[in-house]
Amino acid sequence: MYAVTLDGFGGPEVMTWAQVEDLPAPGPGEVSIQVTAAGVNRADLLQRQGFYPPPPGASELLGLECSGVIAEVGPGVQDWNKGDRVCALLPGGGYAETVVAPVTRLLPVPDGLDLAAAAALPEVAATVWSNLVMTAGLHSGQLLLIHGGGSGIGTHAIQVAVSLGARVAVTAGSQFKLDRCKELGATILINYREEDFVAALKSTVSTRDGSGADIILDNMGAKYLARNVDALALDGHLVVIGMQGGPVGELNLGALLGKRGNIHATGLRFRPETGRSSKAEIIAEVRRQLWPLVADGTVVPVVSAELPVTEAAEAHRLLDSDETVGKVVLRIRED
């Protein structure tokens with residue numbers, strides 16, 4: 001089969017579409033998927049640079065999500081059949097013609113949803129639902145602040161929060177991205193290049209227990225740690241899912257105590273396969289609670305660009321630029 005391989009670590013130019021060894025047949029509880037498209041994620045960029053190695057035993061190939069058609073089912077697989085349209089959360093290997101995945105990682109692609117666009121959903125759906133709903137308990141009437149509102153996670157989180165009846169504030173670095181966030185349902189729009197998000201948030205909102213966000217979804221880490229605590233409402237939840245602003249920061253526990261605040265730091269790729277807080281548990285909840293909103297069009301994949309897999313280098317450049325709102329998808333084959 002063919003897949004995107006790495007000629008060492010470095011810039012986008014190290015990626016090559018090349019022939020690799022065929023995958024084995026799916027084992028018990030697994031299926032093989034003939035890949036139509038793969039979503040591009042910031043984790044892929046980090047792995048390409050050598051900063052984010054895959055978990056032990058996982059494929060060394062890039063790609064944390066894909067969509068396609070089941071080509072073969074392994075022993076003991078029920079409820080899934082050859083020819084089913086699916087998308088899947090992966091530990092790696094999505095930038096390839098074929099991938100093998102456990103059925104606990106699969107989601108059905110609803111009728112009417114473009115199969116290639118569905119490749120943009122598993123990673124953001126699992127990340128957003130597990131963090132905002134399963135961890136922080138997002139519900140109607142709350143205020144959610146999303147850093148990086150124009151990202152793949154941000155554009156998905158806006159839609160999920162609005163569908164649950166929450167108000168949404170976002171930060172982004174351009175008016176173009178803020179306008180798109182507004183179209184998706186965000187009502188408080190903060191250009192972080194022009195204004196301090198804490199001051200902007202506090203000047204705009206007022207809650208019963210003081211000005212601030214009930215939940216903050218943060219991709220920056222250390223750089224925003226102190227200011228995020230300042231931006232929390234009483235009993236608020238800060239959920240850290242990225243470290244674009246560094247891994248080590250100073251926390252004022254007095255300020256956190258004064259807010260009765262909660263800080264969660266969570267990841268997805270290194271969770272266990274099954275059991276408590278596992279990928280299987282998250283995918284099951286996504287399918288049960290979020291997928292009906294995808295099926296009826298309330299929550300849609302936001303795809304900024306779709307490129308052939310032979311242009312993976314350009315896809316990585318796009319994702320790392322200010323031009324992209326939402327996700328970038330690599331097309332492996334036609335539907």
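In the predicted structure, the count of cavities of 30 Å³ or more comes to two. The largest cavity holds about 50 Å³ of space, and its lining is made up of Ala120, Leu121, Val124, Gly152, Thr155, His156, Gln159, Val300, Pro301, Val302 and Lys327. Helix H3, which spans residues 152-163, contributes the most to this lining, giving four residues. When the residues around the largest cavity are sorted by class, six are nonpolar, four are polar and one is charged.

The second largest cavity has a volume of about 40 Å³, and the residues that line this space are Leu64, Leu89, Leu90, Glu123, Leu268, Arg269 and Lys279. By class, the lining of the second largest cavity comprises four nonpolar and three charged residues, with no polar residue among them.

Strand S6, formed by residues 98-102, supplies the largest share of the pocket lining, namely five residues. The lining of the second largest pocket divides into 14 nonpolar, seven polar and five charged residues.

Notes
Residues are numbered from 1 along each chain as its sequence is written. This is a predicted model: local features need pLDDT of at least 70, side-chain atom pairs count only at pLDDT 80 or more; totals for chains, interfaces and linings use all residues. Side-chain values use heavy atoms; hydrogens and water are left out. On a 1 Å grid over the protein atoms alone, a cavity is a set of points where a 1.4 Å probe fits but cannot get out, and a pocket is an open set with protein on both sides within 12 Å along at least five of seven lines; lining residues have an atom within 4 Å of a point. Grid points are joined across faces, edges and corners, and a volume is the space filled by probe spheres set on the points. Helices (H or I, at least four residues) and strands (E, at least two) are DSSP runs, numbered from the N terminus. Ala, Val, Leu, Ile, Met, Phe, Trp, Tyr, Cys and Pro count as nonpolar, Asp, Glu, Lys and Arg as charged, and the others, Gly among them, as polar.
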